[in-house]
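Thanks, everyone. Please have the viewer open.

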Amino acid sequence: MKTYLILLLSVFSFTALAQDAPVKWATQETFFEDLTGKDLPSFNGLTINKKPFSTTDLKNQVVVINFWFEKCPPCIAEMPELNNLAAKYGKKAVRFIGITHDAPASAKRFQKKNGYRYEIVSLSKDEIRRLNINHGFPSNILVGKDGKIIYATANISFSDPQFKAKSVLFEEKLKTELNN
């Protein structure tokens with residue numbers, strides 16, 4: 001009987017302690033926050049011209065990675081904003097890469113038709129899942145010259161109030177990395 005009482009009290013004391021600890025719910029925002037400072041995972045894919053592409057191609061570069069796919073309305077909606085960033089920073093040693101699970105030929109047609117201005121790399125859905133750095137589509141990852149993730153966010157939009165603050169922060173972090 002004594003053993004059961006001690007066991008019961010132990011369970012209640014652990015429960016009481018657990019309730020005092022702050023709870024960090026897994027949301028898209030906390031997922032992205034947790035990526036900061038982590039290394040960009042390695043991957044291998046194909047460009048839209050069916051040439052091999054891997055993370056080693058990004059060594060010592062500031063990189064913006066945009067996860068998207070053709071049938072994703074929010075992905076398509078942010079493309080003009082991303083094209084503007086690519087035009088503004090592409091000549092300043094920032095590499096813009098779009099990662100999609102669409103086949104290279106299909107992504108190439110899409111790029112031509114929609115004016116998507118930066119490099120596109122095709123990975124399988126499993127490879128994208130394995131990377132575990134996007135939380136849905138679209139996702140945008142800023143990677144520093146050291147290969148570490150600086151910042152990540154969902155949609156990029158400087159006009160939509162829902163996404164403007166995070167988009168401005170994304171660009172500020174990009175500028176800071178360029179000045180380092």
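Start with Pro 138, which sits in the loop between helix H5 (125–131) and strand S6 (139–143). Helices here are DSSP runs of H or I with at least four residues, strands are runs of E with at least two, and both are numbered from the N terminus. The peptide bond from Phe 137 to Pro 138 is cis, and its omega is near -5 degrees.

Some housekeeping. This is a predicted model, in which local features need pLDDT of at least 70 and side-chain atom pairs count only at pLDDT 80 or more, while totals for chains, interfaces and linings use all residues. Residues are numbered from 1 along each chain as its sequence is written, and side-chain values use heavy atoms, leaving out hydrogens and water.

Staying with the backbone: most residues other than glycine have a negative phi, and most peptide bonds are trans. Asn 60 is not a glycine, yet has a positive phi of about 60 degrees. Asn 60 belongs to the loop between strand S2 (52–54) and S3. Its relative accessibility is 60%, so Asn 60 counts as exposed; the cut-offs are under 20% relative accessible area for buried, over 50% for exposed, and partly exposed in between, with a 1.4 Å probe and protein chains only. Ala 93, also not a glycine, has a positive phi of about 70 degrees. Ala 93 is in the loop between H3 and S4, and is exposed, at 57% relative accessible area.

Next, the core. A nonpolar core means buried Ala, Val, Leu, Ile, Met, Phe, Trp, Tyr and Cys residues joined through side-chain atoms within 4.5 Å. The largest one has 24 residues, and the members touching the most others are Val 64, Trp 68, Val 94, Phe 96, Leu 142 and Leu 174. At least two core residues come from each of strand S3 (62–67), helix H3 (73–89), strand S4 (94–100), helix H4 (104–114), strand S7 (149–153) and helix H6 (161–179). Which element gives the largest share of this core? H3 does, with six residues. A second core of 22 residues is separate, and includes Leu 58, Ile 97, Ile 99 and Ile 128.

Contact means heavy atoms within 4.5 Å. Beyond four places in sequence, Phe 96 contacts Val 64, Leu 82, Leu 85, Ala 86, Tyr 89, Gly 90, Tyr 118 and Glu 119. Arg 95 lies in strand S4. With residues up to four places away set aside, the contacts of Arg 95 include Phe 53, Asp 57, Gln 61 and Val 63. Arg 95 and Ile 65 are 30 residues apart in sequence, and their C-alpha atoms are 8.4 Å apart.

Last, the helix pair. The axes of H3 and H6 come within 13 Å and cross at roughly 20 degrees; axes are lines fitted to C-alpha atoms, for helices over the stretch in contact, with angles from 0 to 180 degrees between N-to-C directions. H3 and H6 are therefore roughly parallel to each other, a label for angles under 35 degrees. Leu 85, Lys 88 and Tyr 89 of H3 meet Glu 171, Leu 174, Lys 175 and Leu 178 of H6.

Elsewhere in helix H6 is Ser 167. Is Ser 167 buried or exposed? Ser 167 counts as buried, because its relative accessibility is 0%. Outside four places in sequence, Ser 167 contacts Asn 155, Ile 156, Ser 157 and Phe 158.

Methods:
Parallel < 35°, antiparallel > 145°, perpendicular 65-115°, else oblique.
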